Amino acid sequence: MTEPDPTKETAPPVCWWHPTRQTVLSCVRCGRPACPDCLREAPVGHQCIDCVHAARQVHRRAARSPVSGQLSARPVVTPVLIALNLLMYVVTTVQARSPVNNEQAPLFGDWVLWPRAIAGADQWWRLVTSGFLHYGPIHIGVNMIALWVLGQDLERLLGKGRFIAVYLVSLLGGAVSVYLFDDSNRATAGASGAIYGLLGGILVVVLRLRLNPMPAIATIVLNLIITVSIPNISLLGHLGGLVVGALITAAIVYAPVNRRVAWQAASVVVLVVALVALVWYRDAQLSGVMCLTDSGELKCTPPG
C-alpha cells in the first residue's frame, strides 16, 4: 500500500456549474463550490445562483395576499384617485372663483348627481362623475383623508386591479342608491359612497382572515352615526356604497382558488349589470320627466 505524499498539493474542486473551472470559493448556503461567475453577493458572504433563485421564489410566495393572490408592494391607485378628486376640486374652484362655493362651477352643474337630468336628459355619466366632486374644502379634506387611510391597506391586500373594481363599483352603488330612493330634484356629490364601500370591504376582509371584526364594525357604526347627525349628508349614498362594497369584496376574497380570476371577473360583471338594471327601473319610474336647455341652463320638469 502506497502512503499518500503529504507534500503533494490536492487539486482545488471545480465549479458545480462549470466543471472545467477550478475554484476555491463556495456558496455559504449550500456549500457547493462555485466560480465567481456563479456567485452572488449576500448579506453574509456569497450565495450560488440556485440558492438566490430559490430565495426569490420564497419571497414571491410570502408576498402573496391571503385573500386575492398577488400582494401589492406599494399603493398606486389610492394616490391617483386622491389626485383626480383634488384636480376636480381645483377645476371647480377656479371656475366658480371660490373654494367654498365651488358648486357654482359649470362643471359641477354638468357632473353632479341630479336624478331628473339622468332620467329626462339621459345624462347617465352623472352616476360616476358625481363621485369625483365635493362641496368645499372640508368635504374633500375629510373624504381624501379617509380614502388615504382606508385605501392603502385594502389596495395592498386586494391588488391594484381588484381595488379599482371595489372602489368604482362601490361608487356606482352609492350613486344608484341615491338615484333609486332620494328626491329626484336633489343634487348629490362626493366620494363618500366609494369610501363607505372600502369600509364594507375592510370588514369582509377582516372576517375572511378570521380577525377581530369589532374595530371595523365600530368604525362603520361611528361613521353612520355621524352621517345621520350632520345635515345635508347623503345617508342613501353611504349605505348603498357600504352594501355594494361589501358584496363585491366578498365575491373577490371568497372566490375559489382554482378559478379565482374568472369567478372574480364574472362577479364584478354581474353586480354592475344588476346596478344598471336598477337604473333602467328608476328611469321607467321617472319617465314623465322632461328636460330642455334654456339660455344654456338645463331645466327639468317634476316627474308626472
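## Arg156 and Asp153 in helix 6

In this predicted model, Arg156 and Asp153 are joined by a salt bridge whose closest N and O atoms are 3.6 Å apart. Both residues belong to helix 6 (residues 136-158), where a spacing of three residues places them about one turn of the helix apart.

The two partners are each classed as partly exposed. Arg156 has a relative accessibility of 28%, and the value for Asp153 is 48%.

## Asp50 and Arg32

A salt bridge also connects Asp50 with Arg32, with 3.5 Å between the closest N and O atoms. This pair links distant parts of the chain, the two residues being 18 apart: Asp50 lies in helix 1 (residues 49-62), while Arg32 lies in the segment before strand 1 (39-41).

With a relative accessible area of 36%, Asp50 is partly exposed.

## Asp294 and Lys299

Lys299 is the partner of Asp294 in a further salt bridge, and their closest N and O atoms are 3.3 Å apart. The pair meets the criterion because this distance of 3.3 Å is within 4 Å.

Asp294 has a relative accessible area of 34% and is therefore partly exposed. Lys299, at 39% relative accessibility, likewise counts as partly exposed.

## Salt bridges in the whole structure

Side chains of opposite charge can pair when their charged atoms come close. A search of the whole structure identifies five salt bridges. Among them are Arg156 with Asp153, Asp50 with Arg32, and Asp294 with Lys299.

Notes
Residues numbered from 1 in each chain as written. Predicted model: local features only at pLDDT ≥ 70, side-chain atom pairs only at ≥ 80, totals over all residues. Heavy atoms only, no water. Salt bridge = Lys/Arg side-chain N within 4 Å of Asp/Glu carboxyl O. Helix = DSSP H or I, 4+ residues; strand = E, 2+ residues; numbered from the N terminus. Buried < 20%, exposed > 50% of the residue type's maximum accessible area, 1.4 Å probe, protein only.
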